[in-house]
Amino acid sequence: MDDLLNRTRAAVWHPCTQMKQLEAAPPLAIARGEGVWLIDTDERRYLDAISSWWVNLFGHCNPRINAAITDQLGKIEHVMLAGATHEPVVALSERLAALTGLGHAFYGSDGASATEIALKMSAHYWRNQGQPEKNGFVSLKNGYHGETVGALSVTDIPLFKSTYEPLLRHTVQVPTPDARLAEPGETAEAYALRCAGALEAHLAEHAATTAALIVEPLVQGAAGMAMYHPAYLARARELCDRYRVHLIADEIAVGFGRTGTMFACEQAPPLPLAGAGIKTVRPDFMCLSKGITGGYLPLSAVLTSDDVYAAFWGDATARGFLHSHSYTGNPLACSAALAVLDIFEHDNVIAANRVRAIEFTSLLAELAAHPRVRHFRHLGMIWAFEVADATPGFSARLHRAALAQGVFIRPIGGTVYAMPPYVTSADEMRALADALLVCLADPEI
Ligand SMILES: *Cc1c(COP(=O)(O)O)cnc(C)c1O
């Protein structure tokens, strides 16, 4: 174990980490995984309460996903997707189209690349329509869309962004509908609609130079699991239509059942203006990653409408979308994604999670009522709260204290959240609640 830690300190540059802090707080040396459990090189077990950075859905070493990848390994591991195609990428594209109503799937390898693809496609769309001046982007205050240069331009988390500001393109942030920011007595819905008013004011003035609005539907994850009312999405869709601006739904974190529906956009209520038969908000672009492979392999997809796709069709090569990544549509990753969709269907996961979530919320009741806890909130398979008296260093202290209780959890500032795999049992959730209660009982944390 110590040997592995020394080697990791010497050779691995860890993400999102000031490496000097690894001296005092070494990373967990994980040897293997089993369901919701991470097992270290000393055979200690830790409950993976945040699904390994929100990617895991059905546990570690899931036999069904393992089998699908193993089966694909015997056929072909990878072939470039320009000039070739294969069954897993075709089948996955068909199934994602059937689930979202967005019939064309472009693939990348991780979330940030999906954001880049959506931004480039949107601006290129307007160029192909003879409106190259429509190339600006609007995003929400406190939003997060990844950390490559283009994605960071629409991200609004100062800790990740400020240092790189000189490298970034100017974009505009409009008020976030984060329900915690409502005035006393104002409902989440009323506040969401007030924020939509600010979006409208911006679009009314700048639509001619705006390509797209990009949002995290219903939950701004990196902002600290900020949740907002679905009326915002419905109104944003209406405004984007009215002002001819694309709506990019970044479902990288919330897609694949995390908010209680397969995709968060499905929860936006139908608008009187939406027309008969339209039940959900359909974005022009939907970015997917994280849970798409059940947390197995890097894969992202950008799904687009027929209208977007049609704008790239033509005889001129440069009218096409000439973007590529070496591992685009990797067959092993696609086979994992297909296994994930099979599990959703076969186990009726969305319905089962609805029951599971009610039980889990009741298991967390004591935490919700804890004197140090504020803004306890829940949506689908996400639970979050703020610790009122959190002082600097709280996140690292709680992380360490929870490890001692057998729980792997990483608060965002003073926000503690659980985002457990969908195979978590009631006993495991009770263990998580008990561990957090022990941590909060310590006034030093
Ligand atoms: C994680 C995340 C991204 C970036 O995905 P990476 O795979 O980390 O590049 C983008 N948007 C949202 C909403 C995310 O949660």
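Student: Which residues does Tyr232 touch, not counting residues up to four places away in sequence?

Tutor: This is a predicted model, in which local features need pLDDT of at least 70, side-chain atom pairs count only at pLDDT 80 or more, and totals for chains, interfaces and linings use all residues. Residues are numbered from 1 along each chain as its sequence is written, and side-chain values use heavy atoms, without hydrogens and water. Contact means heavy atoms within 4.5 Å. With residues up to four places away in sequence left out, Tyr232 touches Leu140, Val174, Pro175, Pro177, Ala192, Cys195, Ala196 and Leu199.

Student: How many residues does the largest nonpolar core have?

Tutor: A nonpolar core is a set of buried Ala, Val, Leu, Ile, Met, Phe, Trp, Tyr and Cys residues joined through side-chain atoms within 4.5 Å; buried means under 20% relative accessible area with a 1.4 Å probe, protein chains only. Tyr232 is among the residues with the most contacts inside the largest core, as are Leu96 and Phe344. The number of residues in this core is 106.

Student: Which helix gives the most to this core?

Tutor: Helices are DSSP runs (H or I, at least four residues), numbered from the N terminus. With eleven residues, the one that gives the most is helix 11.

Student: Is Thr171 buried or exposed?

Tutor: Exposed would require over 50% relative accessible area. Thr171 has 8% relative accessibility, so Thr171 counts as buried.

Note on methods. Helices (H or I, at least four residues) and strands (E, at least two) are DSSP runs, numbered from the N terminus.
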